[in-house]
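Subject: Structure for your review

Dear colleague,

Please find below the structure that I am handing over to you.

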Amino acid sequence: MKSLFWKIFVSFWLALILFAGLTLWVTSHYLEKVRNETSNTQPRINTINYIRQARDFAHSGNVEALRHWLRQLDQREAIPYLLIDEKGNDLLKRPVPLYLQQRVLRKERRYRHDDDDDDDDDDDEHKHRPPHHRPIIINGQRYHLMPDFRSVTLNRVLNRPRVIAIPILLAALISALVCLLLARYLTAPISRLRQATQKLASGDLNQRVSASMGSRKDEIVELANDFDHMAEQLQTLIESHKQLLRDASHELRSPLARLQVALGLAQQRGDSTTIRELDRIERETERLNELIGQLLSLARLETLAEIEREPIALDTLLKDIADDAAYEAQASNRDVKIIHSMPVVINSNRVLLSSALENAIRNAIRYTAENTSVEIFLQNDSEKSNWIVIKIRDHGPGIPEEMRESIFEPFVRVGEARDRQSGGYGLGLAIAKRAIDLHGGEISAANEDEGLSIIIHLPVNDS
Amino acid sequence: MYRILLADDDVELAEMLVEYLSKEGFEVDTAHDGKAALDKAVRNHYELVILDVMMPELNGFDVLRQLRTRSQVPVLMLTARGEDVDSIVGLEIGADDYLAKPCNPRVLVAHMRAILRRSEPVTETARSTADILTIGDIELQRGARRVLLNSQPLTMTSTEYRVLEVLLQDAGQVVSKKDLSERALGRELNPYDRGLDMHVSNLRKKLGPLADGEERIKTIRGIGYQYTRP
């Protein structure tokens, strides 16, 4: 039985058959046992007890109480107990099977025969017989309490569950145990797989599961093998991606480093005819250098699943970045102002959070009109408790409504005219978005009456 | 004329840098792998060593780690751009400063000069004002640029020495990070620059707590550092 399908099918089937069979066997065994007692000369202790109880009622002369007791007995016992008079009728008017009628008549005949021998000594005569063989006398009428073993039907047994409760309970417990083991057997490897998947998703690419599956061979093991294969592929892919990134970064940097030194040498020589072009080359080299740096940080952020966090005073960090940016913005007659702030300590990664904020602020400076300020607000989130909002607002042209999402993608350009003077959004906002995502936060853009707001929502962890 | 060692596996780059730096007044020795760099740095006396992280044989970190067991020569690490972890690792094992590569050679020279200024012997006039600064169990000998803790000399890089000197001068007062960066490192503080924090963390490790168990250099969150005056 290799396949999980057959394992489930067969084991459920077997469990069902087992339970049904066991129930049938228990009841039929019970019936069989009861019926066999007809031939047994030694009556059951129960019967003797019942006869004694019936006699007690008879002695007190309360026929109604006797009837009531008899009805209750009938409801309780799987075996019908009939109280039959000399003519073969039951006290409760239940039908009396022929064999019992005959037996009663036989008893009566024997009794009368004995009676003829000695009329005077009625009681004495009775003392010869065991008490349960003596008739019960009610209002002068003689009755016999007879268990009707042959009338024990399956229906009667099932209507009186007390009778076979224990064996049925046992059967239920055994089948419960079987089903429990089966369920465990089926779900244990699945939860192992689930654990591994979660760990894989959180970046642990060394997760493998086949080895922990033991000697089983079914669909789950096939799934485990597929999982391992997938993890293997993923690991190779990510490692080669990282390797490519490392190699490319090294390879891109080396010529750029040489270019910069060569440029430096040319500038040192100070040839006045080329000084303007050299300055231009220097600016473009810096831009290229910055772009490569951004590209690499974005690529690295994309492969990062977990970040190292430490408590950081967000208000201070924001002020430092804003001051720094303001210093540069003032060179082009723009300013950066913190309009609202408050003390917040946030468990975060300093480098990533700084780069997110810096990218968003520098971007705003690039687009805000001359002689205007980039305005920064840091406040509590009005919608979510334990979250804060940072709003970075520029006084620029804003963006077309349909681009509110896409400006966070790498190298998205908003409009031709805009980009020629500004250089486009490039990678700054893409890096900011990824860094904020890694902190479990959200970043969005909204057009204001005049200009654009970048809105960052961040959860504040308690630690 | 400062004598410096430049360790970089890019031969062409090194050649051009030698030319550039010599015009700026440096006498430059070069090494193209980690082993050679360590060898030269230990055997010769340099005023500054520039170490590239990515080098064959021994990488820059390994060279620095082994070098620091024998010498406190000022070291400038050239780390890969964007590898922020590298810069922290470098400072942790005792680099004086780091620069992301590729960088403008003008910026490189500015950083080199800042480090050299820090390690320069103090001028006669400065020395006479307060040659020895003693605060509690610590003694700073400015002339010799030596630090004694309970009369035992401590080894530290010139950058660590400068940071400690500034903190001791203002002992009992809070020195802002910006101020400390400008006075001790000779450059402006960058908002996500961890360099200063790393130097302070190294100092804490070397000095240990005060005799009564109190922290020697306290972090004043959001502002800066304070040397506890006993």
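Predicted model: local features only at pLDDT ≥ 70, side-chain atom pairs only at ≥ 80, totals over all residues.

In chain A, five strands make up an open sheet with mixed pairing, in the order S5-S7-S8-S10-S9. Its edges are strand S5 (335-340) and strand S9 (442-447) of chain A, each of which pairs on one side only. On average, neighbouring strands of this sheet are turned by 20 degrees against each other, direction ignored. Helix H10 (residues 314-329) of chain A packs on the sheet and touches S5 and S7 of chain A. The direction of H10 makes about 155 degrees with that of S5(A).

Within the sheet, strand S7 (residues 373-380) and strand S8 (residues 387-393) of chain A are joined by six bridges in the antiparallel sense. In this pairing, Ile376(A) stands opposite Ile392(A) of S8(A).

Chain A: a loop residue

Pro95(A) is found in the loop that runs between strand S1 (81-85) and helix H4 (98-117) of chain A. Is Pro95(A) buried or exposed? Pro95(A) has 11 C-beta neighbours inside 10 Å, and a residue with 12 or fewer is classed as exposed, so Pro95(A) counts as exposed.

The interface

Between the chains, 28 residues of chain A are in contact with 22 residues of chain B. On the chain A side, the elements that give two or more residues are helix H8 (219-269), helix H9 (275-303), H10 and helix H11 (350-367) of chain A. H8(A) gives the most, with 13 residues. By type, the residues on the side of chain A that touches chain B divide into 11 nonpolar, 11 polar and six charged.

Chain B: the sheet and a helix beside it

Chain B has 230 residues, of which 40% count as buried. Its secondary structure comes to nine helices and 12 strands. Of the contacts in chain B between residues at least 6 apart in sequence, 55% join residues at least 24 apart.

An open sheet of five strands in chain B has the order S2-S1-S3-S4-S5, with parallel pairing. Strand S2 (26-31) and strand S5 (97-101) of chain B are the edge strands, each pairing on one side only. Neighbouring strands of this sheet are turned by 20 degrees against each other on average, direction ignored. Strand S3 (residues 48-52) and strand S4 (residues 75-80) of chain B pair in the parallel sense over four bridges. There, Val49(B) stands opposite Val75(B) in S4(B).

Which residues of helix H2 (residues 34-43) of chain B are buried? They are Gly34(B), Ala37(B), Leu38(B) and Ala41(B). Seen down the axis of H2(B), these buried residues fall within an arc of 95 degrees, so they line one face of the helix. An α-helix has 3.6 residues a turn, so residues three or four places apart point the same way. Among the elements that cover the buried residues of H2(B) are strand S1 (2-7), S2, S3 and helix H3 (60-68) of chain B.

With kind regards

Notes. Residues numbered from 1 in each chain as written. Chains lettered and ligands numbered in written order. Pairing = 2+ DSSP bridges. Axes fitted to C-alpha atoms, helices over the stretch in contact; angles between N-to-C directions. Contact = placed C-beta atoms within 7 Å. Buried ≥ 20, exposed ≤ 12 C-beta atoms within 10 Å, placed from the backbone. Nonpolar A, V, L, I, M, F, W, Y, C, P; charged D, E, K, R; others polar. Arc of directions from axis to C-beta.
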